[in-house]
Amino acid sequence: MLIKIPVSGECREAEVTPEAVYLNRRRLLQGTLLSVAAAGVSPFARSAERYEGVDPAPAPAWFTEKLAETRWQAVVAQGEAITPFSDATHYNNFYEFGPNKGDPARHASALKIEPWTVIVDGEVDKPGRYFLEDLFPPNRLEERIYRLRCVEAWSMVIPWLGFPLADLIRQLQPRSSARYIRFETAYRPEEMRGTRSGFALIDWPYVEGLRMDEAMHPLTLLAVGMYGRVLPNQNGAPLRLVVPWKYGFKSIKSIVRISFVRDQPATTWQTMAPREYGFYANVNPQVSHPRWSQARERRLPGSLFKPNLRDTLLFNGYAEQVAGLYGAMDLGKDY
Ligand code: MTE
């Protein structure tokens, strides 16, 4: 994976307001907004700046309906500044659209996301091919503000919108023989120009997997939106996984297949370079990547002269919640 320096910007968690809330409040506050902003205390005006220059993706009807019932800030990241929307949507890894950080923002709009179906198969009582909107558990959407730590040693803080994977799994009724869950990304060469490149080393489709207890963990999220909006294509629309205590490559995008399996699935990065990328991929400052240290990370946004470096936390700061999953394991061996 490549490492590049992002452009700068700043935004604090307290300044983040979901766009829907922001728009409603803005209607109410229109008369006073400017004077409050001028006093430097309005979170709303700063939100507007954050979205500036970034076209909103049109939201499908199912999303708009669900959004109205969202449980905002169901999980927060205490003391963390949220990454500006423009950075989160223009500094991406989505190799199906190219190897450079700007490629997904440039090319992912070619992916047709409506209608979207997901195949559910394997060791499960309710297999089938589901339209995305029929797959959702009846839950309200939750906003969850999570740290995202890439194995390349950069990180962001993202307000996702989604629902716990565990709720979907319960609905699909896996059998006791299902010990792992395997996810597959869409593979559509006509729409995904990165998959047509002769230089791409990836054996498509992109595949990821979790052990069943990891998949059932309450922090594991299936995201359909971020920043109060529908998920942009470059961030994995219309359905992506978010596993905040693992390196970002586990958080597979644009999922078209969910399989309940007996054996540990062969996953994309682990298969390609097993000495560099493990199946577990738990964030761990003590286990270096063979080519670089994982002890520190570059929090976006930053700049060449102010790279915004900070110490990386074990399990990306979620050790209290997830360390118990790995009690008997040697994290240096099962990286
Ligand atoms: N999923 C697919 N299908 N293809 C990819 O290239 N890249 C992964 C992950 N999911 C990737 C993917 C990596 S390496 C990271 S760090 C995160 O997506 C980046 O998510 P973001 O671009 O939304 O920040």
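Modeller: A polar contact here is a pair of N or O atoms within 3.5 Å. This is a predicted model, and the contacts below are computed from it.

Take E96 to begin with. A polar atom of the E96 side chain lies 2.8 Å from a nitrogen atom of the ligand. Y95 places a backbone N or O atom 2.8 Å from a ligand oxygen. N93 does likewise with a backbone N or O atom, at 3.2 Å from an oxygen atom of the ligand. The protein covers 100% of the ligand's accessible area, which is 530 Å² on its own.

Where does the ligand sit? It sits in the largest cavity. The ligand is surrounded by 17 residues. Y95, E96, T185, R240 and K253 are the closest. By type, the shell holds eight nonpolar, six polar and three charged residues.

Now the charge pairs. The model has 22 salt bridges. One of them joins E191 to R188, with the closest N and O atoms 3.1 Å apart. Is E191 buried or exposed? E191 has 11% relative accessibility. Buried means under 20%, so E191 counts as buried. Another salt bridge links the side chains of E214 and K246, at 2.7 Å from N to O.

Technical notes: Residues numbered from 1 in each chain as written. Predicted model: local features only at pLDDT ≥ 70, side-chain atom pairs only at ≥ 80, totals over all residues. Heavy atoms only, no water. Near = heavy atom within 4 Å. Polar contact = N/O pair within 3.5 Å; in protein donor to acceptor, adjacent residues only side chain to side chain. Areas by Shrake-Rupley, 256 points an atom, 1.4 Å probe, with all protein chains shown as cover. 1 Å grid on protein atoms, 1.4 Å probe; cavity = no way out; pocket = protein on both sides within 12 Å on 5 of 7 lines; lining within 4 Å. Sits in = over half its atoms within 2 Å of the grid points. Nonpolar A, V, L, I, M, F, W, Y, C, P; charged D, E, K, R; others polar. Salt bridge = Lys/Arg side-chain N within 4 Å of Asp/Glu carboxyl O. Buried < 20%, exposed > 50% of the residue type's maximum accessible area, 1.4 Å probe, protein only.
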